[in-house]
Amino acid sequence: MSARPGRGAAASWSPGQQTRFPGFDPAAQASHWDGVTAETVLRRLTPPPPKFFTADQAATAEALLDQLLAQESDQKIPLIEMIDARLATGETDGWHYSDMPEDGQAWRGSLAALDADAFSRCGTSFAEAPGIDQMALIQAVQDRGPGDWHGLPAGYVWSLWTRYACTAYYSHPTAWNEIGFPGPAYPRGYKNAGVGKREPFEVADADPGDDPLRGEA
Amino acid sequence: MHGVRDRNESAWLIPGDGTRTNHRLRRDMRRFADDDEIDLVIVGCGAGGSVLAQRLARAGWRVAALDAGPFWDPDTDWVSDEAGSHHLYWTDPRVIGGTDPVPLGSNNSGRGVGGSMVHYAGYVPRFHPSDFATLSRDGVGADWPISYPDLRPYYEQIEQELPVAGERWPWGDPHGYPHRPHPVGGNGEIFLRGAASLGIEARVGPVAITNGRFGNRPHCIYRGFCLQGCKVNAKASPLITHIPDALAHGAEIRANAMVTRIEVDERTGRATGVRYITDGAERFQRAAMVAVAGYSIETPRLLLNSASRRFPGGLCNDFDQVGRYLMVQGAPQTAGRFDAEVRMYKAPPPEVSSEEFYETDPGRDYRRGFAIQNVSPLPITWAEHVAAQGHWGRSLREYMSDYVHWACLGALCEFLPQPENRVTLADETDQYGLPVASFSYSQCANDRKLMRAARSVMEDILRAAGADEVITIERYAHLVGGARMAADQQHGVVNGNCRSFAVPNLYITDGSVLPTQGSANPALTIMAIAARAADRLIRDARGGAPDGPGPGD
Ligand SMILES: Cc1cc2nc3c(=O)[nH]c(=O)nc-3n(C[C@H](O)[C@H](O)[C@H](O)COP(=O)(O)OP(=O)(O)OC[C@H]3O[C@@H](n4cnc5c(N)ncnc54)[C@H](O)[C@@H]3O)c2cc1C
Ligand code: SF4
């Protein structure tokens, strides 16, 4: 696909900015969700501490994930905990590329490779490297595309990282606040589907012309 | 609804009190002993397996259908949440390769009673008459041993049983649907608007979602979580459309039973039953007939794992046909950005389709064609679409914050069957110690051309509807083939009635028997093929023209 290198650092948008849907908070609607769904979603707010990754691996993974989703120190979504829990119970996507090991091993191997890159670039582990270097190291993996990276196809490593990272991030109710998605919809359902229509519990985009592509031109 | 209920009472066997499962029917279910030689054991309770079980149980056969996954209760097992639905997918390990590896799991493989239809989107178009003879008409693909008129009565039956809602269908063999079309949401509105302004025909439907009450199944509540399992019982899956009736007629559904091997008697050459693992113990169910319906990856894998002295290269594999000609549809997904809020997560993801580009167009440099449909990715799937453009970090978050402004279309391109696109056994083993499936996929030149053509039509439609930007991701959808039907055993694994060429009392009744795939979503056709195979079996058992030995002989 048309990968556009350098997208990580490029945007002017700031992650703290959650003003597109002022006051929107899907989790506050949890009383309208069915019990089984509510339990599943709310359990995500307090995941258990990592047990699949070693402390070092967890530190590397956390730094990587925070970069991939531009997470800053306060109010972080617990990505590392959510991914660790999946790997600890073998909750994979149900397939792996023939030239990649299974997911758990691929995670461990790619984190070690990222640390090795950090040591040769900055003389520190990835987690201890300055943010700007972390971004450059990540960008270098994406830029390799289908090429080899420490014995793994870089594109498949990229797919592994982003798949797990996005699944964890966008499963969290806090992430739904910033994208205007109301989350679970049973048993209430929707009554106002259609262009320009909203339910009473949905919030209008305060900045509808903020097309990321247009802003770029 | 006279007629449907007489044939299939499932919708009336579901509780009408707001709960979704008839627990009494399950508690009172008939249970067969392992050493009782039943008339038929079925492997897999998805689209094909469930229809077969229901039809034959009604005809008085003693049937047990085994499924590796759970016997779902939508109230307690399913959630209105994307990540929380992971347990619906077949996630035991599988290896993918080839020049265009096809991701499995959530994308195309279910596990549990109801099969992949538990989390399928719910589009249920028929195949076109041309689909059954693409080789002689278009010089590509394969000819089926059966033709469209053979399936038409079964299409009509299943459309009533699901039931299907949609506008009158002008393409292929023109036909109507039992339920009126659903109102569309923002995404469907955009598709209709863009298509109208380009003069492209588009229609609402056809979807297997009740419009109005059907038996005790309620109306859809337009909540958009069809791909997570319908907690409402509005979207059809065999769990609610065929299994209840099968139970009421004495079938046993044995959930959490993973079949590991089909046994064949070396002396008679006939299948004797299946080995399976349940609760950690290996067991053997005797049966006079075996039907495999584990879908396009697991069916070939089970046959290959059932190798014996007589079948050293895998059961039914004397001519190296098992696992081959596996197909996926090229499913590029194009999204368009609108200043207005579309909020595509509302209303069912399946809404509007166009089959205007389905047939071979002599003016193009490719054969066969594609269909276009709405798809409405929820946030996680949408993030995959955005991340595929290369975004990460801040730019990913910024793009994602724009979610409510995007509309999305998906194409289904008729990729051609090729012998090297196949399942083999990997060195890796699963939790039961069995070799897992390795699935290799590579596109041919025609496939790539279709993908490009479909993409440009979708971009045109979205632009015509007013999109200021469009972005596309290349994906795949649906699996079919892998144990195809053919005129003879040199070219396929089963005949037109789904009976295997090699073992007279072994049938395959799932998506793996399809020789070509058209640009249609496959579930309706799989069910129709299974219903037809069932009719043949019932007729033969009554002493009609025998296609093969039935039960009791
Ligand atoms: C996300 C998604 C969207 C889809 N959208 C559509 C759509 O809109 N329209 C459409 O027509 N189709 C759609 N499909 C495809 C459709 O669901 C499948 O084509 C269809 O269900 C296949 O039917 P089947 O009987 O071959 O297999 P399945 O329905 O998959 O059933 C196979 C069953 O066999 C069981 N099984 C497998 N191996 C074993 C074993 N060894 N022992 C015991 N049990 C076993 C499995 O657990 C499973 O329950 C979609 C699929 C997915 C996943
Ligand atoms: S949109 Fe309708 S059919 Fe789809 S899951 Fe919701 S209620 Fe069921």
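Author: Happy to! Let's begin with a term we will need: a residue is called buried under 20% relative accessible area, exposed over 50%, and partly exposed in between. Keep in mind that this is a predicted model.

With those cut-offs, look at B:D320. At 33% relative accessibility, B:D320 counts as partly exposed, because that value falls in the middle range. B:D320 sits in the loop of chain B that runs between α11 (295-305) and β10 (327-330). What draws the eye is its backbone: B:D320 is not a glycine, and yet its phi is positive, at about 55°. Here is the background: most residues other than glycine have a negative phi, and most peptide bonds are trans.

You will find A:A70 in the loop between α3 (55-68) and α4 (79-88) of chain A. Its relative accessibility is 9%, so A:A70 counts as buried.

Now for the peptide bonds. In chain A, A:Y186 and A:P187 are joined by a cis peptide bond with an omega of about 5°. A:P187 belongs to the loop between α8 (173-179) and α9 (212-216) of chain A. In chain B, the bond from B:L162 to B:P163 is cis as well, with omega near -25°. B:P163 lies in the loop between α7 and α8 (186-198) of chain B.

Helix α7 (residues 148-161) of chain B meets helix α4 (residues 47-58) of chain B at an angle of about 95°, and their axes are 14 Å apart. That angle makes α4(B) roughly perpendicular to α7(B). From α4(B), the contact uses B:V51, B:Q54 and B:R55, while α7(B) brings B:Q157, B:I158 and B:E161. Sorted by class, this contact of α4(B) with α7(B) has two nonpolar, two polar and two charged residues.

Chain A has nine helices and three strands, and along the sequence they follow the pattern α-α-α-α-β-α-α-β-β-α-α-α. Of the 217 residues in chain A, 53% are buried.

Key. Residues are numbered from 1 along each chain as its sequence is written. Chains are lettered from A and ligands numbered from 1 in the order in which they are written. This is a predicted model: local features need pLDDT of at least 70, side-chain atom pairs count only at pLDDT 80 or more; totals for chains, interfaces and linings use all residues. Side-chain values use heavy atoms; hydrogens and water are left out. Helices (H or I, at least four residues) and strands (E, at least two) are DSSP runs, numbered from the N terminus. Buried means under 20% relative accessible area, exposed over 50%, partly exposed in between (1.4 Å probe, protein chains only). Axes are lines fitted to C-alpha atoms, for helices over the stretch in contact, and angles run from 0 to 180 degrees between N-to-C directions. Angles under 35 degrees count as roughly parallel, over 145 as roughly antiparallel, 65 to 115 as roughly perpendicular and the rest as oblique. Contact means heavy atoms within 4.5 Å. Ala, Val, Leu, Ile, Met, Phe, Trp, Tyr, Cys and Pro count as nonpolar, Asp, Glu, Lys and Arg as charged, and the others, Gly among them, as polar.
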